[in-house]
Amino acid sequence: MKYKYSAIIPARYASSRFPGKPLALLGGRPVILHVLENVEKAGIPAVVATDDLRIAQCVESAGGVAVMTRADHRCGTDRVREAMDIISASDAGIRPDVVINVQGDEPFIHPSQLQTIMDIFENAPGTDIATLARPVPPGTPFVVVEDPNKVKVVCSSDGQALYFSRSPIPYSRGVDDRDAWTTFHQYLFHIGIYAFRVPVLRHVTEMQPSPLETAESLEQLRWLQAGLKIGVGITDIETIGIDTPSDLQAAEEFLSRG
């Protein structure tokens with residue numbers, strides 16, 4: 001590979017919808033350890049960036065590496081930036097070219113997905129940021145597609161993100177039966193995993209919120225509006241992010257199905 005990669009997993013304790021979720025048990029093990037284990041299966045050095053000693057102790061007791069960060073970060077990207085700066089200033093010798101931000105509530109992240117992320121940088125040298133998307137199966141009901149919690153993305157022919165939205169994009173004009181929209185166009189659900197070239201990560205955390213970002217509450221629109229190139233890799237693997245206790249229950253059922 002042309003580049004060196006490192007994964008940083010932001011994990012905070014004080015979630016408004018699910019306090020303490022990194023330590024919630026999934027299959028008898030804390031969620032954060034599932035994330036860490038799957039990242040390490042991809043052969044990428046991984047660090048958990050947290051603001052809570054309980055999370056750090058959990059990670060370290062399992063043989064992982066944790067970095068303590070501030071509690072006042074507005075988003076996970078800012079926490080990843082602080083952790084990267086701490087690591088870079090330490091004697092650990094970790095000097096990546098690209099940092100992959102893997103959310104601490106994604107216990108089913110698959111090593112092949114991380115490989116897809118890395119392939120984007122290897123094959124498209126002009127990429128600033130890389131992320132993932134999953135094709136929406138034809139026949140998916142419109143009520144699923146229009147869910148604002150499922151972010152949609154449209155891409156150029158060379159795999160660059162053109163726009164992200166909480167609304168269904170593109171609009172299938174002339175197709176009155178909205179349940180048929182997915183049979184006329186391949187919709188893509190965005191998966192919130194990002195990788196940044198190190199200088200780009202520093203740059204995006206110093207940007208002010210943009211009008212598009214404010215309108216949709218999507219930080220990646222700030223980056224697009226600033227002209228950064230976001231490569232989108234396609235994966236067919238379904239993951240379950242954990243935002244609420246009900247998500248944890250769904251994840252437990254998913255895990256039990258093997």
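**View A. K150 over the ring of F189.** K150 lies over the face of F189, 5.5 Å from the ring centre. A charge counts as over a ring if NZ of Lys or CZ of Arg is within 6 Å of the ring centre and within 35 degrees of the ring normal. The model is predicted: local features need pLDDT of at least 70, side-chain atom pairs count only at pLDDT 80 or more, and totals for chains, interfaces and linings use all residues. Residues are numbered from 1 along each chain as its sequence is written, and side-chain values use heavy atoms, with hydrogens and water left out.

**View B. R54 over the ring of Y13.** R54 lies over the face of Y13, at 3.8 Å from the ring centre.

**View C. The pair F142 and W181.** The structure holds seven aromatic pairs (rings of Phe, Tyr and Trp, the last by its six-membered ring, with centres within 6.5 Å; planes under 30 degrees apart are stacked, over 60 edge-to-face, the rest tilted). In one of these pairs, the ring centres of F142 and W181 are 5.2 Å apart and the planes are at 80°, so the pair is edge-to-face. F142 is buried at 9% relative accessible area, and W181 is buried at 2% (buried is under 20%, exposed over 50%, partly exposed in between; 1.4 Å probe, protein chains only). F142, Y171 and W181 form one aromatic cluster.

**View D. The pair F196 and W223.** The ring centres of F196 and W223 are 5.3 Å apart with planes at 80°, so this pair is also edge-to-face. Both F196 and W223 are buried.
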